[in-house]
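Let's take a friendly walk through a protein model. Have the sequence and the 3D view at hand, and look for each part as it comes up.

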Amino acid sequence: MRREWLRGVLILWILALGAGVASSGPRVTVNFLSTQLNPIQEAEWVRRELLPPLEQEAGISVRFLPEESGAFVDRLIAEQRARRVTIDLAGTLHGDFPILVASGVLEDLTALQNNLSARKDRIFIPEFLRLSRMGGIQAYIPWMQATYLLAVNKKALPYLPAGANVNALTYEQLRQWGENITAATKERKLGFPAGPRGLFGRFLHGYLYPSFTGTQVQNFRSPEAVEMWRFLKRLWLYVNPSSLRYEFMHEPLLSEEVWIAWDHTARLIPAIRARPNDFIVVPSPRGPKGLGFITVIAGLSIPKGAPNAEAAATVIEYLTRPQTQIKVLQGVAFFPTVREASGMLPVGPERVLATGVTAQATARGGKTALLPIGLGARVGEFVPAYLDAFRAIMIQGQPIEQVLDRQARVLNDLYRATNAPCTPPDPPQQPCQVK
Amino acid sequence: MLQQRWLPYLLLAPAILFLMLVLALPIVQAVLLSFQSPGGSFGLESFRRMVIDIHFQGAVRNTFLLTALVVPLQVTLAIAIALLVNTRLPGTATFLYVCAIPLGISDLAAGLVWLSIFSERGYLNTILHAIGLIDRPVPYLSYEHPAWLFASVVLAEVWRATAIVMVILVAGLQLIPRDYLETADVFGAGGWTKLRMVILPLLKPSIQAALIIRTILAFQVFAVVLALTGRIIPVLAGESYFWYALYRNAHVASAYAVVIMALSATLTGFYLRLLRVREEQMG
């Protein structure tokens, strides 16, 4: 009953907003708990730049409460169990939602999503809408996205292999490109963030594996995987050996130690902001099984029993407006989840990046890889399973098959112990297991 | 009477309380954590996970190798500097200050200083290129040249931490009464004999203190290695950090910390025995 009532109120509120009837009632305060934008500078930016226009427009004040992922989930579940809900709006990554849905913490936002879509001023990326429905409900409204792709110094373009389209590279062409550059400059100009706090592990499990084997986990030690590691050895001949120290690729890009670098958008953008005319951003390469790439999606949800659910819906409406999404991109380098936004971008570094992000998201043969879910406290052990294989094969020179067998056991133990499901592009399986 | 008896304890109490809070308590917590599994049960699971980790053997080997290379180098160098400073020749005061500069720099900053020298677009390559010795930048800090990587860490560590040994030894040298040296002069001892028979034996307590401090610190070496090599050269303290900060597993991180503590304690005991200081040498 309560849910029906709430849904009705939500619809009414949005209709009222759509008709331009601004509320002038007493100010309500929306408590906005978020695992995203929680570094201090970003949180300050949210409070000073992002939220004040909404507060003026709708008469709502928003208290932005950054939180770590573990504590975020614990708090929402605990509040629900204690029936003392204080959080009105909760924003986090896709991977945190299954446990919240399973714990019955979240309001079904189907009505809100339909209303937002009915406004016709924003078209959500369909893939994200599909992902945001789970357990039979609309768990969240897609909020922001990030991904990883290639930044290319324009000096590298003359060495592009004949017949290669820089916006649709294959891994073999990338290797050939690196070889051409090394032949001409005697330097190795490909770069990966394989230092301790770099994100190279994401490249292994979310890019190479799906592109070569079609899965992240299940085909971990398949013949295709062995072939993939052999390819990586050939590619590595043209990769700057300092890659094992790189953590943020904007640094070697700016010093020109490397010309072609793969990294997270947020870790590329400082280079592009510094010299927007010197770089282009292109999708990651594709392999025999397609273009594997990771999409990091953040969503906004409303906990059941939230004291100010209607006001929270207003905040969601504001945060998913194309103009607001552009503001977020320019401010903190997270990308829009609605299509209109990219086209409205002014010429500049964000546009350079957004072009690459859109090209990757809409590439033919794309294989979206999602970050692992359900590993709980042991999520930190997933990436090292891949990185340790890399170290053993590439640096210590151990036989590929042997290493893969060993690391497959590590992955299988991890998934069995946590009973975690496979995430796309792997076919559904629980617990996820290497074949 | 009562006051007399309790006063020393009363005066010591704040220091003891402080040490309990910032040292003893965390040590107990770390030991407890290391014997606990993420599930909460007690056992050797964390140590097992640590030992089978791909970085463990390398971390043990590198930590020992670094300590074995760096500590003797630092002590020898520090004795030389201390003796030089003790000659009170003109300019030694300035020399002492210059040598002590690294004392004021954090170890991560020291690592970054050397990184800016050795990286591909760093000072060394820039200078060598400018004077025409090399055509293109040489990647010194590459996994393909582990010996170079290791040498760069040794160099940075020697530069960074010799000063602390030197300060202890300079202080120790100044405690040696002039009479002994003058007596040695009277008996016709040369410089080398004086060093061997008078100065070094009397310096033993200081050398012991310096060795203990430096060895313990060498087992904790971390930031310099991290800055220069990333994780290409794993070390024990670095692994502890990675397990805590990257893998979010405080249990295995604590297991590494416990190993470092056990090694430090063993070696300290070893030094105390080996360099036993007799009463008359206490200075």
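## The second largest pocket

Sorted by class, the residues that line the second largest pocket are 20 nonpolar, 9 polar and 12 charged. Keep in mind that you are looking at a predicted model. The lining has 41 residues in total, and those nearest the centre of the pocket are A:Asp388, B:Ile52, B:Asp53, B:Ile54 and B:His55.

## A disulfide in chain A

A disulfide is a covalent bond between the sulfur atoms of two cysteines. Over all chains, the count here is 1 disulfide. You can find this link between A:Cys422 and A:Cys432, with an S to S distance of 2.0 Å. The link is right-handed, with 90 degrees about the S-S bond.

Both A:Cys422 and A:Cys432 lie in the segment after H18 of chain A, so the bond ties together parts that are 10 residues apart in sequence. Are these two cysteines buried or exposed? A:Cys422 and A:Cys432 are both buried.

Now turn to B:Cys99. Its relative accessible area is 18%, and because buried means under 20%, B:Cys99 counts as buried.

Chain B is assigned domain 1 (1-26) and domain 2 (35-282). The C-alpha centres of these two domains of chain B are 32 Å apart.

Note on methods:
Residues are numbered from 1 along each chain as its sequence is written. Chains are lettered from A and ligands numbered from 1 in the order in which they are written. This is a predicted model: local features need pLDDT of at least 70, side-chain atom pairs count only at pLDDT 80 or more; totals for chains, interfaces and linings use all residues. Side-chain values use heavy atoms; hydrogens and water are left out. On a 1 Å grid over the protein atoms alone, a cavity is a set of points where a 1.4 Å probe fits but cannot get out, and a pocket is an open set with protein on both sides within 12 Å along at least five of seven lines; lining residues have an atom within 4 Å of a point. Ala, Val, Leu, Ile, Met, Phe, Trp, Tyr, Cys and Pro count as nonpolar, Asp, Glu, Lys and Arg as charged, and the others, Gly among them, as polar. Domain bounds come from an automatic or database domain assignment. A disulfide is a pair of cysteine sulfur atoms within 2.5 Å. Helices (H or I, at least four residues) and strands (E, at least two) are DSSP runs, numbered from the N terminus. Buried means under 20% relative accessible area, exposed over 50%, partly exposed in between (1.4 Å probe, protein chains only).
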